[in-house]
Amino acid sequence: MDQAYGIFLYIISLLTMGGIYAILALGLNIQFGFTGLFNAGIAGFFVVGAYVSAILTTAPSARHLGGYELPVVVGLVAAMVVSGAIGWIVGRVCIRLRADYLAIATIGIAEILRLILKNETWATNGARGVSMVPKPFETLPEPWNQLGLMALVLSIVAVLYFLLERARTAPWGRVMSAIRENEPAARAAGKNVEAFRIQAFVTGCAVMGLAGGLTAHYLKFIDPNAAEPVTATFLVFVMLIIGGSGNNKGAILGAMLIWTVWSATELVTSRILPDDWAIRSAYMRVFLIGLVLQIVLQRFPGGILPERRLRVAKDKKRYN
Amino acid sequence: MMDFINFHLMPGIILGSIYALGGIGISMTFGILRFANFAHGETMTLGAYFAFTLIQLTGWHPIAVLPFAMILTAVVALGIDRVFYKPFRARPAIMLVIASFGMMLMIRSAIQFSWGVQLKSLMPGIQRPYILFDALRISPKHMLIIGSALVLMLAVHVLLSRTKIGKAMRAMADSPELARLTGIDTEMVIRATWVVGASLAAAAGVLLAIDTHVETMMGFKLLLPVFAAAILGGIGRPYGAMAGGLIIGIAEELSSYAWIGNEPLLAPGYKAGVAFAIMVAMLIWRPSGLFRGKVF
Amino acid sequence: MAVLELDNITGGYGETEILHGVSLKVEAAAVTVIIGPNGAGKSTAMKAVFGLLRLSAGRVLLDGEDITSMATEQVVRHGVCYVPQTANIFPSLTVEENLEMGAYVRKDDYRPRMAEIYDLFPPLAEKRRQAAGTLSGGQRQMVAMGKALMLKPKILLVDEPTAGLSPKFRGEIFRVIQDINSAGVPILMVEQNAKQALSIADRAYVLVDGRNRLEDTGPGLLANREVAEMFLGAGGASVGAASGVNGSGAGSGAGSGANGA
């Protein structure tokens, strides 16, 4: 009975974290899937959202900025605004250049953000992070508190999915895919390509900030290394590409699937293997998931649920 | 004044020559294969670990094993290109960026798996610095680093300006389509680019390891400044990357000098931000870099 | 037998077909010119020779040998050289290095050939150590052609060599093309300056919408009413236009009116 309850709680945590990753994957889908923008700094936008929401909602503490005790909803909205604003600045600099430059700049901004969070101790408590972050439904008895948060995360996933599907099939989404498939033609049709790209990039960053905020509330704690930055970013890419880049259902499916595999293998290896080998197998896991991504990229570039394209032309060399 | 030279300018030049070596490869692969290679940092790490193992096996001096570490790394880079990058040659460049991003994680985790994550040292022990002209302090290992970097950069210069393959590499960095239409064996040039880029990356990794130590994240920490060096110099411009590397290295070290009053101008914790700031400034005002490189 | 023959070429990029059954022949020792309005597929027809196009039908023959869909590099090795309209030099390389790259596939000593090229383009000899990107438009065009000639090609393909050049340089380029041709190199050229181009053409083709429209000798097309209406300005002036060009030869600018739209 106890074991069954443990599994029940594990599944709830799996779905909650999987849901948060699904939000990240949906955010990346707006940028990469719809628009072809490469964001290598997902972890940066995520962690900023986490800090913003954490600082706005926690009780006063001598160790970091805060004590505003605002409602969680306000924290989450602010997380989206700040992450989106940072995305806007990065986008303004790089969006007219090719995707590679954006990738370099975003991996850079993620590093800089990490430096700021680490060094500006007065605001962030440095490497020790912000703790005692309020958690929605935490006053409810177990397991209802866990279930409540899971329901919150999953309903955000559902709302996002609904909104993004609407956007994809709306004129906005059609312009986006036209730009991605044939930029010169879209320009010739008088579309302001840069403006559309920035909109997509900023929206995606805001969604990532939201995921960060939710994580801070879920874990009740956030520090600059909350997620090993590049691995976390990479994981979201793997989720989106394996699920099906450009397809919102694919993004959610990929996130749930990869998170389950990721988390379950960690659980299994840490239980079965001796410590030394458990650490090594963690590296092996990153290696293997990288290999899976390479195979998917080469053999099944559409992923499990390939994008249903509104137009055909594809696989043309895109210069410039 | 001597403090300025000994503790800021010299370290800047040392760091700068390491960035310069790393920058050449990233600039050339960007110019020729048209993608930002995120795995370049990990290539540097790999070179340092190869050197570490070679030293353990032979007991030789780090500089003596350097050529072999460079060759091993170049061989690995050729293999990676063949298996993981070549299938994407005729596909959108974004695919290559993702593939290299994945490769970055794969190489790093393979290193962590094989060598573990503890710090390792190539040159154990503390060396007494030489004192020149009564005040200029420079340690033997730093002279070694600067000397090796100079020799390698000279070798690159000879390759690029005197040999047929070197000229073809510059030609292809100018225009891959025209190179193809001219009858240049572009696959051959691509392989040569990987050999040059990866072996210089390995050298950068080994030299950094001589200065500090060997660790699994060392290459990733170099990635941003090295990208900045390539963009500052101009994509596809090897000489630009050398100059860019030196400038970035010196700028990073000088940023923590007490230019005004007694406090460092920039808290040392933000040193890594200097490269980023220079890069962003270039992207805003002059994306073609100092040497009129390519902008995609 | 034709040196180069495009036989019923159909193809394009991606999903879009640009050429619909284009055929043309380049005879030995001849200057062959393709004219046509923008988007007619003139440059695309040239790219078809180099395997840079997705072909859905048709053949490319070089000296009667089928080279359809051969790798670009192999086509060059077979002696077909191409001067693209833009980006036709390596700007960061010196003039001399550009010529060396032109000889990339040669294993023998190319020095004598380089001397011949410098004789053909004296301004290049003076600037051999200068980065090609720093030269004037006309001189760049010389570098591009010199580079293509390093191989002693069987045939030279030139894409709009006078685009963006002043009338003075235009005349010079046409003269150079005639010189190259009289040295025995057959030439296939795409041109916007229809008047001047037709006046030096032994054979000329008009492409419209990716199809062959007209085909005749250069002077024949110059005298053609339809060509006059399409490319040479006012309709009904065909006779005058023809004689005017014949008079201008390869010299002074034949007027911007020749820039067919």
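A salt bridge here is a side-chain nitrogen of Lys or Arg within 4 Å of a carboxyl oxygen of Asp or Glu. By that rule, two salt bridges link chain B and chain C. In one of them, C:Glu100 pairs with B:Lys167, with the closest N and O atoms 2.7 Å apart.

This is a predicted model, in which local features need pLDDT of at least 70, side-chain atom pairs count only at pLDDT 80 or more, and totals for chains, interfaces and linings use all residues. Residues are numbered from 1 along each chain as its sequence is written, chains are lettered from A and ligands numbered from 1 in the order in which they are written, and side-chain values use heavy atoms, with hydrogens and water left out.

The model scores ipTM 0.87 and pTM 0.86. Chain C averages a pLDDT (the predictor's confidence in each residue, from 0 to 100) of 83. Of its residues, 89% score at least 70. Helices are DSSP runs of H or I, at least four residues long, and strands are runs of E, at least two, numbered from the N terminus. Over residues 234–261 of chain C, pLDDT stays under 50.

Return to the interface of chain B and chain C. Contact (heavy atoms within 4.5 Å) joins 19 residues of chain B to 23 residues of chain C. The two chains bury about 1800 Å² between them, 62% of it on carbon and sulfur atoms. Buried area is the accessible area (1.4 Å probe) that two parts lose on being put together, summed over both.

Which element gives the most to the side of chain B that touches chain C? Helix 6 of chain B does, with seven residues.

Now look inside chain C. An automatic or database domain assignment divides chain C into domain 1 (2–79 + 153–258) and domain 2 (89–152). Their contact takes 15 residues from domain 1 and 14 residues from domain 2. The area buried between these domains is about 1200 Å², and carbon and sulfur atoms give 80% of it. Zero salt bridges are found across this domain interface. On the side of domain 1 of chain C that touches domain 2, helix 2 (72–77), strand 7 (155–159) and helix 7 (167–182) of chain C each give two or more residues. Helix 7 of chain C gives the most, seven residues.
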